[in-house]
Amino acid sequence: GYARVSDASQSHDLQMDALRQAGCQHIYVETASGARADRPELQKLLDAVQPGSQVVCWRLDRMARSLRHLIDIAEMLRQREVALISLTEGIDTSSTSGRFLFHVLGSLAEMEREIIVERTKAGLRAAAARGRRGGRPPAMNEAQVRAAKAMLRSGEMTAAEVAAQLG
């Protein structure tokens, strides 16, 4: 089995319970963003699989960083005669219908991620058009910036001293 959460504030418990209930004998547990290429536990799992075994995940998005990566993993497993099973989606690539469903759901998941990215970019553009910009608010107002520049130009204070003076 393979369980992954994106960061340490999240829990593996739900995935671990489902994998144990599915009968997984060995579970590889990872805390890493799905976008990261270097996931040592996933690599250990892929290195350990034997013909006739099964790789079980709670959901397909826990397994790979993109649709292409997921398809590559599934194909590598198929060549090694290893089934990929996703508990949530009910996919088992040892069957023809399971492989078909795998590709359809993988495509839909990728489309969903792309739509989210497009919406985020459109929202940022709309905010920028209204004069709003993201990020932290400025630490100093314009008068403080002018004062800091004047203090630095005078050469009487270091940058650290100016920063301390202006807070």
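Predicted model: local features only at pLDDT ≥ 70, side-chain atom pairs only at ≥ 80, totals over all residues.
**View 1. Helix 1 has a buried face and an exposed side.** Helix 1 covers residues 13-21, and its buried residues are Q15, M16, A18 and L19. Look down the helix axis and these buried residues fall within an arc of 165°, so they line one face of the helix. Over on the other side, D13, L14, R20 and Q21 are exposed. What covers the buried residues includes three strands: strand 1 (2-5), strand 2 (28-31) and strand 3 (54-57). As for the opening question, the residue that follows helix 1 is G23, and its phi is positive, near 95°.

**View 2. Y2 sits buried in strand 1.** Strand 1, one of the strands that cover helix 1, is where you'll find Y2. This tyrosine is buried, with a relative accessible area of 0%. If you want a sense of distance, pick out L166: it comes 164 residues away from Y2 along the chain, and the two C-alpha atoms are separated by 52 Å.

**View 3. Helix 3 packs against helix 4.** Here helix 3 (residues 67-79) meets helix 4 (residues 96-129), with the axes 9 Å apart and at an angle of about 160°. An angle over 145 degrees counts as roughly antiparallel, and helix 3 and helix 4 are therefore roughly antiparallel to each other. The crossing of helix 3 with helix 4 is right-handed. From helix 3, the residues in contact are L67, R68, L70, I71 and A74; from helix 4, they are F102, H103, G106, S107, E110 and R113. Sort this contact by class and you get 5 nonpolar, 3 polar and 3 charged residues.

**View 4. E81 has a positive phi between helix 3 and strand 4.** Follow the chain into the loop between helix 3 and strand 4 and you reach E81. Its phi is near 60°, a positive value in a residue that isn't glycine. Is E81 buried or exposed? E81 is exposed, with a relative accessible area of 58%.

View 5. S86 belongs to strand 4 (residues 83-86), while T88 lies in the loop between strand 4 and strand 5 (91-92). S86 is buried at 1% relative accessible area, whereas T88 counts as partly exposed at 46%. Leaving aside residues up to four places away in sequence, S86 touches C57, W58, R59, L60 and I91. With those sequence neighbours again left out, T88 touches W58 and R59. The C-alpha atom of T88 is separated by 30 Å from that of K121, which is 33 residues away along the chain.

**View 6. Helix 5 crosses helix 6.** Helix 5 runs over residues 142-154 and helix 6 over residues 159-166; their axes come within 10 Å and cross at roughly 145°. This crossing of helix 5 and helix 6 is right-handed. Helix 5 makes the contact through Q144, A148, M151 and L152, and helix 6 through A159, V162, Q165 and L166. How many residues in this contact are nonpolar, and how many are polar? By class, the contact of helix 5 with helix 6 has 6 nonpolar and 2 polar residues, with no charged ones.

Definitions and conventions. Residues numbered from 1 in each chain as written. Heavy atoms only, no water. Buried < 20%, exposed > 50% of the residue type's maximum accessible area, 1.4 Å probe, protein only. Helix = DSSP H or I, 4+ residues; strand = E, 2+ residues; numbered from the N terminus. Arc of directions from axis to C-beta. Contact = heavy atoms within 4.5 Å. Axes fitted to C-alpha atoms, helices over the stretch in contact; angles between N-to-C directions. Parallel < 35°, antiparallel > 145°, perpendicular 65-115°, else oblique. Left-handed = near helix turned anticlockwise from the far one by under 90°. Nonpolar A, V, L, I, M, F, W, Y, C, P; charged D, E, K, R; others polar.
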